[in-house]
Amino acid sequence: MSTPTTDPTATPRTARSVLARVGSLGPLLGLIAVALLATALNPDFASFANVSNVLTRAAFIGIIAVGATFVIISGGIDLSVGSLAALTAGTVILIMNALAPSLGSGVPTVMVGMLVALVVGALAGLAHGTLITRGRIEPFIVTLGTLGIFRAVLTYLSQGGSITLDLKLSDTYSPVYYGSVLGIPVPILVFVAVALLGGLVLNRTRYGRYVQAIGSNEQVARYAAIDVTRVKILTYVVQGVCVALATILYVPRLGSASPSTGLLWELEAIAAVIIGGTALRGGAGRVWGTVVGAVLLVTIENMLNLTNIISVYLNAAVQGVVIILVAFFQRGRR
Amino acid sequence: MRNDVHAAFREVGKRFGAVEVLRDVTFEIARGEVHALIGENGAGKSTLMKMLAGYHEPTTGHVEVDGQPVTLRSSRDAEALGVVLIHQEFNLAEDLTVAQNVFLGHEPGRGLVDDAEMVRRTREALALVDVRLDPRTRVRDLSVPQKQLVEIAKALSRRARLLVMDEPTASLTLSETRTLLDLIRRLRGEGVTVLYVSHKLEEVKAVADRVTVLRDGRLVTTRAAQDLSPHEMANLMVGRELTDMFPGKAEPGSEVALSVRDLDVPGFAGGVNFDVRRGEVLGFAGLVGAGRTEAFEGLLGLRRRSVGRVERDGRPVRIRSAGDAARHGVVYLSEDRKGKGLLVDMPLRPNLTLMTLERYARPLLDPRAEQRALERAAKEYGVRTGRLDVPASALSGGNQQKLVLGRILEVDPRVVILDEPTRGVDVGAKRDIYHLVHRLAAGGRAVVVISSEMPELLGLCHRILVMREGRVVGELSGDGLTEQDVIRLATGLTREEGASHVHTHH
């Protein structure tokens, strides 16, 4: 962006902006470093099968985290995503099982199930957004409340046990998780599509610009004739739909939903967003950073699994250290 | 002679990185004087005063206090020498009480805070600035002038002998300003030295003993205030003759562009009626708190309100949000630039195009088209900056204001409402903004200017409505307007005096 200039102040500023750019690439550099380290410790890490496994696992959190990027940039937070994933999974399985006798165990039933997931996710987001904007309740409080509600409803529906997908349905549904196109697993393809679309919406549409403006200063946005309420509600709907997409990919993996489905996903999603360089107080952020953050978190776990240097039981601790380190290097950048 | 110098700058220079903001500045502040420091934004006056208060250290030269060269590494160091800076945006914790603020960091008592002692001593400190206030009041519940007095009381309670005041009257009304200036004179009488930094040259003339002028980081002159008129001060600041501060007023049109009837904003304003014609500049005068800002925020649907009838170009319209208003060609510039106007952390480009993004969506936003718009707008509205890819916070106050003005004018509005358009803006940018208002009116737009600066209203407006306590109490127009006319209506002095007069006679 910088043009040649005779301004004597230009040189140090350019130097600083190079540093800033390197700093903003931090999460990517971190990911590359971890990947190199893992490959050095165990060459199996770089195998196609393992990388594909890592990315598939990253897809669930990653897709949810793309939605969370919008919510966090707008100055909000959604703590309920893990519970919503569990509730959506349970609802979808129950409905598909109920439909199977009349509609059959084929593609139509699965399609209805997917549609139900999207509707449940969107409605949950609509409810969050409405309570937060029109009800004027803090997003932290609203979604802390629904975090409990969603999981409790799922626990009630499953009577504390698990809700299992009918075996025949499971066969029809399984390609959504286990299938691949041109050798690339479906969840990775969906993840890439969601990330590309998310990046495009955030950076190149009016909605994306409004989300950033609202997160930067909501009053300014309101005075600049932006329909703040609508934009914010839509942000939570986007989050809900992202959770639904992740759940649609997740259901065929285990074919069941239980009270422990999606446990702590909200924290992993938020961690991915923050590692990616989005400011927790809103206003500025980026989708590609979130993608890197999600992949980095899974890569760390994978590395611990493949090597014996640190016990895999300490996975969460290592991830925690990484989160704090990233935050340390990014402090004061804005 | 030497003993009379309270503080001095000796060949002081300051660089931030490669940017030199001050060079070779030398002047003395005499004990017990009110010394004004004036200059345009970016002239270096805030850097200079921050050096004296311990927030910056000079790169070259040194600062002296009581005849001794000093190194001030923090505001605490300065405080220990009796030098306290009173910030323009107050340094008060809103949720703490007055007493807790006054003693913040210096709480009396060991282990447990001695509340009774704190309240007692706060009361004493408040008495010094002549304000009756319960020390247990939360700062959040104070008015702006009260907060200012609390700041001064806080400084005095810490045995400040040299007060550095940064734009102390920026958000005060005329009468509040007078009270503050009286207080400053009284403090001077008690031997307190004041370094007074302000844009308002009338005040400087009224209160200062001596004036130091800075321009582009260099000292221009230090002179006795009585030898300078405000006009001469402005010329010294800008370095050239500022003649046509206000352009001539063009004759307004006859068609009413915006007509408002029975506007009520509960708690702030009631029964507000007005018409503004095409090509007319309509002023709204009044004290801070008279309900002018609230009335217009209500009109735009930014506050709870009810309104009888609004007509645009003679057609009834419903405005329930700023979006509705913009669609009907009505835009509003907030008085609160940082809180409601500018996205300070975001670059200039999104700031400019925030209200006109649909123009650049085809359907994806075209950043290059936005960039071209920014380059054009920077020229058109006179936004002066070396680079266009900086965050808005990097601009001076005047350029920030022009950027926000650019945003609302990009909408191509027919009615432009400007609330304190030159607050915190230097003389040069003020002149630019006045000329822009003139151009808007000459182009057939209706302009409403809400302002607390009398010369601005008198110089710009064809007609002035005066508000007091939420009501429009009078209308003034014509060439023979004086500040006294406006002030009389705004304060309601004559009426009340007249009434009590009548009363005593009967």
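Two strands pair if DSSP finds at least two bridges between them; strands (E, at least two residues) and helices (H or I, at least four) are DSSP runs, numbered from the N terminus. This is a predicted model, in which local features need pLDDT of at least 70, side-chain atom pairs count only at pLDDT 80 or more, and totals for chains, interfaces and linings use all residues. Residues are numbered from 1 along each chain as its sequence is written, and chains are lettered from A and ligands numbered from 1 in the order in which they are written.

**Exercise 1.** Describe the pairing of strand S14 (residues 306–312) of chain B.

Solution.
- Strand S11 (residues 256–265) of chain B pairs with S14(B) in the antiparallel sense, over six bridges.
- Within this part, B:Val310 of S14(B) is the bridge partner of B:Val260.
- S14(B) also pairs antiparallel with strand S15 (residues 315–316) of chain B, over two bridges.
- There, B:Arg312 has B:Arg315 as its bridge partner.
- Two residues separate S14(B) and S15(B) in a hairpin, and B:Asp313 in the turn has a positive phi of about 50 degrees.

**Exercise 2.** Determine which residues of helix H13(B) are buried and how they are arranged.

Solution.
- Count C-beta atoms, placed from the backbone: 20 or more others within 10 Å means buried, 12 or fewer exposed, in between partly exposed.
- B:Ala373, B:Leu374 and B:Ala377 are buried.
- Viewed down the axis of H13(B), the buried residues fall within an arc of 105 degrees (from directions between the helix axis and the C-beta atoms), so they line one face of the helix.
- On the other side, B:Arg368, B:Arg372, B:Glu375 and B:Lys379 are exposed.
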